[in-house]
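Take a look at the sequence and the fold, then read on.

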Amino acid sequence: MKRWLLAGALLVMALPVAEAARATLRATRPGAAALTLRASSSEEYWTIAVFDGGVESQRIEVQSDLPQTTPRLADTNGDGALDLWVPVIGGNANTAWDVWLMQPDQGRFRRAGEVSGLAFSRDAAGRLVTLGRDGCCSVSYTFLDITAEGALREAFAVERQLDALGRGICEPSAIAVEPPATAVTATCRLAPGRMPGTLLRVP
């Protein structure tokens, strides 16, 4: 019996540890050289070293359950600089991301908050829009703005319930502000799965 236990222990010790994921990203910004981001994961964290002109200017560490899903870059607020999106939690459809906005003149990033969804875009008013799935036949568009302190804030939402023929209910709801009628109308007219404004290549 002891031999079997010893053999089992040795087998467990011999199993290979999951190899850390690594990625090098190039975050462009207006009027200055791009920042280089070197990302590496462990079982619990993503660590991103930020280099400005070859000199490390910042080190970011984010707890994550997705060590094999690499961080992404996207212009979240429309300022022309690419912001950092770090994967945090993955579900059946929606994925949560930690969003860090670039401070172009400082060569650094500042955490803005966490968003979740299966698709993301920036609408004509500059708001971040997330598309989240709620069950088989319902989706929710959440519109976020950025406060003066640089934090993401949920402003309002539009929920759509569709059948196979594209018919259904489209209802707005206020969160921090009343939903603008133009944004609600435009969202309710979207084809299923489409996003308002400019699609962000995040997932």
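First, some housekeeping. This is a predicted model, so local features need pLDDT of at least 70 and side-chain atom pairs count only at pLDDT 80 or more, while totals for chains, interfaces and linings use all residues. Residues are numbered from 1 along each chain as its sequence is written, and side-chain values use heavy atoms, with hydrogens and water left out.

**The overall picture**

The protein has 14 strands and two helices; helices (H or I, at least four residues) and strands (E, at least two) are DSSP runs, numbered from the N terminus. Of its 203 residues, 41% are buried. Here buried stands for under 20% relative accessible area, exposed for over 50%, and partly exposed for anything in between, using a 1.4 Å probe and protein chains only. Among contacts (heavy atoms within 4.5 Å) with a separation of 6 or more, 39% link residues 24 or more positions apart.

**The disulfide**

How many disulfides are there? The count is one, taking a disulfide as a pair of cysteine sulfur atoms within 2.5 Å. The bond runs between C170 and C188, with an S to S distance of 2.0 Å. C170 sits in strand β13 (residues 168–174) and C188 in helix α2 (residues 181–188), so the pair ties together parts that are 18 residues apart in sequence. The S-S torsion of C170 and C188 is about -85°, so this disulfide is left-handed. C170 is partly exposed at 26% relative accessible area, and C188 is partly exposed at 26% too.

**The sheet**

β1, β2, β3 and β4 line up in that order as an open, antiparallel sheet. The edges belong to β1 and β4 (55–63), each with a single partner strand, so one side of each has no neighbour in the sheet. Direction ignored, neighbouring strands here are turned by 20° against each other on average; the axes are lines fitted to C-alpha atoms, for helices over the stretch in contact, and angles run from 0 to 180 degrees between N-to-C directions. Two strands pair if DSSP finds at least two bridges between them. Two of the pairings look like this:

| Strands | Sense | Bridges | Example partners |
|---|---|---|---|
| β1 (residues 22–29) and β2 (residues 32–41) | antiparallel | seven bridges | T24 and R38 |
| β2 and β3 (residues 45–52) | antiparallel | six bridges | A39 and I48 |

β1 and β2 make a hairpin with two residues between them, and G31 in the turn has a positive phi of about 75°. The covered face of β1 carries A23, L25, A27 and R29, while R22, T24, R26 and T28 are on its uncovered face.

Q103 is in strand β7 (residues 95–103). Is Q103 buried or exposed? Q103 is buried, at 16% relative accessible area. Leaving out neighbours within four places in sequence, Q103 contacts R108, F109 and R110. The C-alpha atoms of Q103 and R29 are 9.2 Å apart, although 74 residues separate them along the chain.

D145 belongs to strand β11 (residues 138–146). The D145 side chain makes a polar contact with the R153 side chain at 2.7 Å. A polar contact is a pair of N or O atoms within 3.5 Å; within protein, one must be able to donate a hydrogen and the other to accept it, and residues adjacent in sequence count only if both atoms are side-chain atoms. Residues up to four places away aside, D145 touches A151, L152, R153 and A155.
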